[in-house]
Amino acid sequence: MSPDRPPGPPGLDLDRLRAHLDRERPGLVAAGPLTGRLIEGGRSNLTYAVSDGTGHWVVRRPPLGHVLATAHDMRREHRVISALHPTAVPVPRTVLLCEDDEVLGAPFYVMEFVSGTPYRTADQLAPLGPERTRAAVLALVDTLVDLHAVDPAAVGLGDFGRPEGFLDRQLRRWGKQLAASRGRDLPGIEELHAALGRALPPSPAPTVVHGDYRLDNVLLDTTGGADRITAVLDWEMSTLGDPLTDLGLLVMYSVELEVPESPVSTTASAAGHPDPAELIERYAARSGRDVSAVPWYTAFAWFKLAVILEGIHYRYTLGQTVGAGFDRIGDLVPVFIERGLTTLNEG
């Protein structure tokens with residue numbers, strides 16, 4: 001370790017990273033020592049901001065102590081971001097991919113640092129005011145349309161996934177996930193899962209799907225008087241599949257939970273935030289896709305989040321979570337189940 005600076009955060013050996021960058025990208029890093037900090041807010045893979053005092057980069061790696069490499073596939077994230085960079089979809093420029101565990105203890109990739117803010121709550125959006133908030137969320141829809149307009153084969157992603165039977169596999173996958181991570185009775189969850197299976201819609205032509213598309217997974221640059229989305233982040237769940245799964249999730253996150261002090265944050269209650277119907281209408285008008293089945297996709301999003309939250313609650317009951325708010329996660333699961341059933345039944 002260099003004596004003139006503190007060590008990097010856990011999982012980021014700055015000396016090893018510097019040596020690797022000097023070897024693979026000579027001249028990229030200036031003479032000054034590297035500094036690094038963990039960027040908070042990531043839910044799975046770890047994200048670090050790194051600088052030599054002049055240049056700024058971002059490093060992404062799997063969580064510490066990860067076991068399943070496929071769940072945190074750095075090659076996959078690096079590939080999709082690299083492929084999308086020349087398109088209208090705003091993503092950072094990638095610098096390199098390292099699959100040698102000897103450097104940082106796990107595979108990682110480096111990309112350029114992009115300025116902007118991820119807005120996670122209505123309170124964070126409040127200073128923008130209603131008009132700018134509305135414009136930002138509508139820009140989120142427009143960017144999703146741009147993503148779904150990309151021809152996967154034209155950007156080298158023709159084999160990025162298996163779109164045939166995508167929805168059926170997704171439903172079975174999350175059903176198995178539920179079975180593996182629950183320790184209590186959850187009224188209505190089997191009913192919701194079965195109803196989704198009976199009403200499975202035909203998928204439109206496959207596209208690149210993000211898999212976790214929402215406002216806090218993009219960066220919004222509000223400087224210079226023109227708000228704009230500068231980067232879409234967190235591509236670890238991306239694949240080729242049904243584009244309306246992205247829309248359904250975005251619609252779900254645009255519905256107010258109406259749960260006081262909810263540990264799951266949404267921006268839906270922010271003044272000026274468009275309602276779900278407007279988001280769906282804008283997507284339909286700009287994409288030309290049939291959106292009549294969006295209630296199914298939104299109900300599936302409620303189900304998927306219910307399963308994820310139940311998994312977190314289950315780990316909490318086993319004493320495997322650290323931090324505040326986990327004690328309230330379990331109370332949210334029935335809310336998500338009820339919303340899913342209501343959405344599916346009422347459309």
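Asp234 sits in the loop that links β8 (228-232) to β9 (239-241). In this predicted model, Asp234 has a positive phi of about 60 degrees, although it is not a glycine. Why is that worth a second look? Most residues other than glycine have a negative phi.

Now let's move to the inside of the protein. In soluble globular proteins, nonpolar side chains tend to be buried together. Here the largest nonpolar core has 80 residues. Val80, Leu196, Trp235, Tyr283, Phe303, Leu309 and Phe336 have the most contacts inside this core. Which helix gives the most to it? That is α10 (residues 294-317), with 13 residues.

Leaving aside residues up to four places away in sequence, Phe336 touches Met252, Leu257, Val264, Trp302, Leu305, Ala306 and Leu309. There is also a second, separate core, and Leu17, Val50, Trp57 and Val103 are included in it.

| Core | Residues in the core | Some members |
|---|---|---|
| Largest nonpolar core | 80 residues | including Val80, Leu196 and Trp235 |
| Second, separate core | 18 residues | including Leu17, Val50 and Trp57 |

Finally, how many cavities of 30 Å³ or more are there? The count comes to 1. The largest cavity has a volume of about 120 Å³, and 14 residues line it. Of these, Arg214, Leu215, Asp216, Tyr253 and Thr267 lie nearest its centre. What kinds of residue make up the lining of the largest cavity? They divide into 6 nonpolar, 5 polar and 3 charged.

Methods. Residues are numbered from 1 along each chain as its sequence is written. This is a predicted model: local features need pLDDT of at least 70, side-chain atom pairs count only at pLDDT 80 or more; totals for chains, interfaces and linings use all residues. Side-chain values use heavy atoms; hydrogens and water are left out. Helices (H or I, at least four residues) and strands (E, at least two) are DSSP runs, numbered from the N terminus. On a 1 Å grid over the protein atoms alone, a cavity is a set of points where a 1.4 Å probe fits but cannot get out, and a pocket is an open set with protein on both sides within 12 Å along at least five of seven lines; lining residues have an atom within 4 Å of a point. Grid points are joined across faces, edges and corners, and a volume is the space filled by probe spheres set on the points. Ala, Val, Leu, Ile, Met, Phe, Trp, Tyr, Cys and Pro count as nonpolar, Asp, Glu, Lys and Arg as charged, and the others, Gly among them, as polar. A nonpolar core is a set of buried Ala, Val, Leu, Ile, Met, Phe, Trp, Tyr and Cys residues joined through side-chain atoms within 4.5 Å. Buried means under 20% relative accessible area, exposed over 50%, partly exposed in between (1.4 Å probe, protein chains only). Contact means heavy atoms within 4.5 Å.
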